[in-house]
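Subject: Model for you to look at, with notes

Dear colleague,

Here is the model that I promised to pass on, and my notes on it follow below. Please read them with the structure open beside you.

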Amino acid sequence: MFVQIAIGSGIMLLTLLVGGVGIMVMELGFARSHHWLLREPHRPRLLLVMTVVSLGVLGIVTASVWIWALAFWGLNLFGTMEDAVYFALVTYTTLGFGDVLLPYDWQLLSGLAAANGLLNFGLLTALLVEALRHIRRGQREVQLRWQEEEDEARSLALKSTTERRPGK
């Protein structure tokens, strides 16, 4: 039991590390292109952010499933790599068909893999929402700033035309 918990905890930490690195890479990319993302047109740029984050999330999930599959296969828990990947995917996504199972002595790992997937999906969903919120808020601030500048320019132009009128 303690061996399973130790191995499962190590794998969970590794997948969280992979996820953290993936998130950091995406964050650096967004930070570099922040000014470009705030420019008009906004909707296609939001769609681009959503697509990039979704692909990043898919990459992180895929890497995590493969880490679990390699661990299952390395522990000789499955006869083929295909069975290990299938079980890892079904367990990590908490789908749990139950058609392929770990040997009785290693069943705790399936619960840890499922908990890991649930945790990562929650964190990655929060990342997607936060990325979209951050970009949209920045775009809205830029829009408001441009609108204020336009209003101020109109006000100055109106003021200068009323000051030049004769008889005032």
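I begin with Asn76, which lies in the loop between α3 and α4, where helices are DSSP runs of H or I of at least four residues, numbered from the N terminus. Its phi is near 55°, a positive value in a residue other than glycine. At 68% relative accessibility Asn76 counts as exposed, the term standing for over 50% relative accessible area, with buried for under 20% and partly exposed in between (1.4 Å probe, protein chains only).

Before going further, please note that this is a predicted model, in which local features need pLDDT of at least 70 and side-chain atom pairs count only at pLDDT 80 or more, while totals for chains, interfaces and linings use all residues. Residues are numbered from 1 along each chain as its sequence is written, and side-chain values use heavy atoms, with hydrogens and water left out.

Two other loop positions deserve a look. Thr94, in the loop between α4 and α5, also has a positive phi in a residue other than glycine, near 60°, and at 44% relative accessibility Thr94 counts as partly exposed. In the loop between α2 (34-38) and α3 lies Pro41, and the peptide bond that leads from Glu40 to Pro41 is cis, with omega near -5°.

Val53, leaving aside its neighbours within four places in sequence, is in contact (heavy atoms within 4.5 Å) with Met26, Phe30, Leu127, Leu128 and Ala131.

The axes of α1 and α5 come within 9 Å and cross at roughly 20°, the axes being lines fitted to C-alpha atoms over the stretch in contact, with angles running from 0 to 180 degrees between N-to-C directions. That makes α1 roughly parallel to α5, since angles under 35 degrees count as roughly parallel, over 145 as roughly antiparallel, 65 to 115 as roughly perpendicular and the rest as oblique. Residues that make the contact include Gln4, Ile5 and Met12 of α1 and Leu108, Leu109 and Leu112 of α5. By class, the contact has 14 nonpolar, 6 polar and no charged residues, where Ala, Val, Leu, Ile, Met, Phe, Trp, Tyr, Cys and Pro count as nonpolar, Asp, Glu, Lys and Arg as charged, and the others, Gly among them, as polar.

Gln4, in helix α1, counts as buried at 8% relative accessibility and, not counting residues up to four places away in sequence, touches Asp105, Trp106, Gln107, Leu108, Leu109 and Leu112.

Finally, helix α4 holds Thr91 and Tyr92. Thr91 is buried, with a relative accessible area of 9%, and Tyr92 is buried as well, with a value of 0%. Beyond four places in sequence, Thr91 touches Ser110, Ala113 and Ala114, whereas the residues that Tyr92 touches include Val61, Trp68, Asn116 and Phe121.
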